[in-house]
Amino acid sequence: MKVLVIGGAGYIGSHVVKAMMKAGHKVTVFDNLSSGLRCNLFKENDFIHGNILIQSEIEAAFEKGFDAFVHLAAFKAVGESMENPEKYSVNNITGTLNIMNAAVKFGCKKMIFSSSAAVFGAPQYLPIDENHPKNPESYYGFTKLEIERFMAWYDQLKGLKFAALRYFNAAGYDPDGEIRGLERSPQNLLPRIMEVACGMRDELKVFGTDYDTRDGTCIRDYVHVTDLANAHVLALEYIAKNNESLTVNLGTEKGTTVKELLDASRRISGKAIPSEDVERRPGDPACLYATSKHAKELLGWEPKFSDVDTLVKTTWEVYK
Ligand code: UD1
């Protein structure tokens, strides 16, 4: 299929592009390179340098004719979304509606969307399944949930078939070592640990050590980005075959604590990785992990690279 990957120069986007290419799809990347990187582009793909906030630019892309599109062009910093919701309204909401309007205008009616565990908010039970109540605790999570709702309406009114893929904590790098672009000013745990390991940052601040977990630090469900990327390919096949939308959680059902990830990083990198225990970060639930039973049943998706050692090793390979 001809697939437009919007945000395809980003960290997750570049892995999705690679998985789509491996599955035999013809990929075009659309990106404004605001956080995406030119070095994440593959020479095999067409690249459109464009902005989702400029309707004529996104329409010109869809006018080229695509069977499907993947939308990963969103801001994702939870804390920033609380301080600057306007930025998230414009980019994540307006930008997505621009994309959806352009897509249906040019008859591209298969959409794969990067949703997030942030749509759920504090867990009421674990593991989190798809039916868990949705009470986002950040404006970022709210934008993702609203987009899920827009997609459901466009499905009903315009025949847009979508896959909402709710990522839990994306981590790791391409096990083949082909994708090596480092995220700028990362907010997430593993890239920050790696920045400390290679001297780009003095120490890791551990946000809270008094949670009710096995070692007092928060538990998250880290999923390898290549496993996430493969879910996009499977979701596209599912939509094409069944002409039906789907919403799935992508997690491993296994939780890892902050300290466990830090210890694994020290062991694998051989670096001291200084850390300091500090106050809890507001809005962090103690424990979050998902069941991916639904993704397995519907898509046959199973994580293959999401064990802690592979997550850390593939990331360290790039950072070292
Ligand atoms: C959050 C969202 C997730 C979203 C992701 C995007 C929620 C519940 N989750 O994940 O859906 O896709 O952001 O960025 O909103 N930590 C430290 N020190 C650091 C950084 C992190 O101790 O310097 C800890 C955090 O407190 C947390 C864990 O590491 O316990 C993971 O944090 P992070 O990588 O920021 O991801 P989430 O907040 O879990």
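This is a predicted model: local features need pLDDT of at least 70, side-chain atom pairs count only at pLDDT 80 or more; totals for chains, interfaces and linings use all residues.

Residues are numbered from 1 along each chain as its sequence is written, and side-chain values use heavy atoms, with hydrogens and water left out.

Let's begin with helices. Two packed helices are described by the angle between their axes and the distance between the axes. The axes are lines fitted to C-alpha atoms, for helices over the stretch in contact, and the angles run from 0 to 180 degrees between N-to-C directions. Helices (H or I, at least four residues) and strands (E, at least two) are DSSP runs, numbered from the N terminus.

Take helix H4 (residues 85-105) and H5: their axes come within 10 Å and cross at roughly 20°. That makes H4 roughly parallel to H5; angles under 35 degrees count as roughly parallel, over 145 as roughly antiparallel, 65 to 115 as roughly perpendicular and the rest as oblique. Contact here means heavy atoms within 4.5 Å. Sorted by class, the contact of H4 with H5 has 12 nonpolar, 5 polar and 2 charged residues. For that sorting, Ala, Val, Leu, Ile, Met, Phe, Trp, Tyr, Cys and Pro count as nonpolar, Asp, Glu, Lys and Arg as charged, and the others, Gly among them, as polar.

H4 has another partner, H2. These two pack at an angle of about 40°, with their axes 9 Å apart, and H2 passes H4 in a right-handed crossing. From H2 come Gln55, Ile58, Glu59 and Phe62, and from H4 come Asn98, Ile99, Asn101, Ala102, Ala103 and Lys105. The class count for the contact of H2 with H4 is 5 nonpolar, 3 polar and 2 charged.

While you're at H2 (residues 55-62), look for Ser56, which sits in this helix. Ser56 is exposed, with a relative accessible area of 52%; buried means under 20%, exposed over 50%, and partly exposed in between, using a 1.4 Å probe and protein chains only. Leu37 is 19 residues away from Ser56 along the chain, and their C-alpha atoms are separated by 23 Å.

Now for one more helix pair. Helix H8 (residues 258-269) packs against helix H10 (residues 308-319) at an angle of about 55°, with the axes 10 Å apart. That makes H8 oblique to H10. Their crossing is right-handed. Among the residues that meet are Leu261 and Ile268 in H8, and Val312 and Trp316 in H10. This contact has 6 nonpolar, 2 polar and 3 charged residues.

Back to H5 (residues 139-158), where you'll find Glu148. Is Glu148 buried or exposed? At 9% relative accessibility, Glu148 counts as buried. Its side chain makes a polar contact with the side chain of Arg166 at 2.8 Å. (A polar contact is a pair of N or O atoms within 3.5 Å; within protein, one must be able to donate a hydrogen and the other to accept it, and residues adjacent in sequence count only if both atoms are side-chain atoms.) Leaving out residues up to four places away in sequence, Glu148 touches Ser115, Val119, Ala164, Arg166 and Thr247.

The loops deserve a visit too. Pro127 is in the loop between strand S5 (110-116) and H5, and the peptide bond from Leu126 to Pro127 is cis, with omega near -10°. Ala118 lies in the loop between S5 and H5. Ala118 and Tyr140 are 22 residues apart in sequence, yet 7.5 Å apart in space, C-alpha to C-alpha.

Phi of Ser185 is near 40°, a positive value in a residue other than glycine, and Ser185 is exposed, with a relative accessible area of 58%.

Definitions and conventions
A crossing is left-handed if the near helix is turned anticlockwise from the far one by less than a right angle, and right-handed if clockwise.
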